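Biologist: Could you walk me through this model? I would like to hear what stands behind each label.

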Amino acid sequence: MLKKIRQVLLTVLPTVIYAHLSDDNEQNAEPPFIVYQEISKRPPEFADDRPIYYLRTIQITLFTKKKDEDLEEKLERALLNKDFVFSLLSEFKNSDGSIQRVYEIRLEDYKYATK
């Protein structure tokens with residue numbers, strides 16, 4: 001599933017990074033770019049002590065130098081066009097004036113569940 005999400009994100013921007021950035025990381029990029037990661041995977045329901053399915057939570061963060069409503073709309077449209085329903089969790093301004101916009105996608109994963 002992460003591969004599918006990455007492919008969608010690459011239609012929005014050419015720089016898409018998994019997990020996180022650090023100051024000494026060679027992957028550091030100049031905005032705009034996208035960082036995505038799986039932040040949880042838990043079984044919310046059980047049957048006969050086995051998970052029925054897993055609820056996966058994916059977080060997507062759009063980094064821009066300044067507020068860019070066109071790019072935000074492009075990202076949101078790309079996600080919805082591939083049936084990834086998102087929630088906007090937050091948007092905040094960093095000390096350098098750049099903007100971080102954080103989205104969340106929740107997916108039900110039956111791949112590893114009992115049949």
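**Reading the labels**

Modeller: Let's begin with T64, which lies in strand 3; strands (E, at least two residues) and helices (H or I, at least four) are DSSP runs, numbered from the N terminus. This is a predicted model, in which local features need pLDDT of at least 70 and side-chain atom pairs count only at pLDDT 80 or more, while totals for chains, interfaces and linings use all residues. Residues are numbered from 1 along each chain as its sequence is written, and side-chain values use heavy atoms, with hydrogens and water left out.

Biologist: Why is T64 called buried?

Modeller: Buried means under 20% relative accessible area, exposed over 50%, and partly exposed in between (1.4 Å probe, protein chains only). T64 has a relative accessible area of 4%, so T64 is buried.

Biologist: What is T64 in contact with, leaving aside its neighbours within four places in sequence?

Modeller: Contact means heavy atoms within 4.5 Å. With those neighbours set aside, T64 is in contact with P31, P32, L71, S98 and I99. The side chain of T64 also reaches the backbone oxygen of K66 at 2.9 Å. That is a polar contact: a pair of N or O atoms within 3.5 Å, where, within protein, one must be able to donate a hydrogen and the other to accept it, and residues adjacent in sequence count only if both atoms are side-chain atoms.

Biologist: What makes strand 5 largely enclosed?

Modeller: Nine of the eleven residues of strand 5 (residues 99-109) are buried, so the rest of the structure largely encloses this strand.

Biologist: Why is the R101 and E76 pair called a salt bridge?

Modeller: A salt bridge is a side-chain nitrogen of Lys or Arg within 4 Å of a carboxyl oxygen of Asp or Glu. For R101 and E76, the closest N and O atoms are 3.2 Å apart, and the pair forms a salt bridge. R101 lies in strand 5 and E76 in helix 2, so the pair ties together parts that are 25 residues apart in sequence. R101 counts as buried, at 12% relative accessibility.

Biologist: How many salt bridges does the structure hold?

Modeller: The structure holds nine. One of them joins the side chains of K67 and E91 (2.7 Å, N to O). K67 lies in the loop between strand 3 and helix 2 (69-81) and E91 in strand 4, so parts 24 residues apart in sequence are tied together. K67 is partly exposed at 37% relative accessible area, and E91 is partly exposed at 34%. K67, E72, E76, E91 and R101 are linked in a network of salt bridges.

Biologist: What makes a set of residues a nonpolar core?

Modeller: Such a core is a set of buried Ala, Val, Leu, Ile, Met, Phe, Trp, Tyr and Cys residues joined through side-chain atoms within 4.5 Å. The largest one has 20 residues, of which L9, I34, I60, L75, L79 and I105 touch the most other members. Helix 2 gives the largest share, four residues.

Biologist: Is D48 buried or exposed?

Modeller: D48 counts as exposed, at 77% relative accessibility, and D49 counts as exposed at 76%. D48 lies in the loop between strand 2 and strand 3, where D49 is also found. Phi of D48 is near 55 degrees, a positive value in a residue other than glycine, and D49, not a glycine either, has a positive phi of about 60 degrees. Most residues other than glycine have a negative phi.
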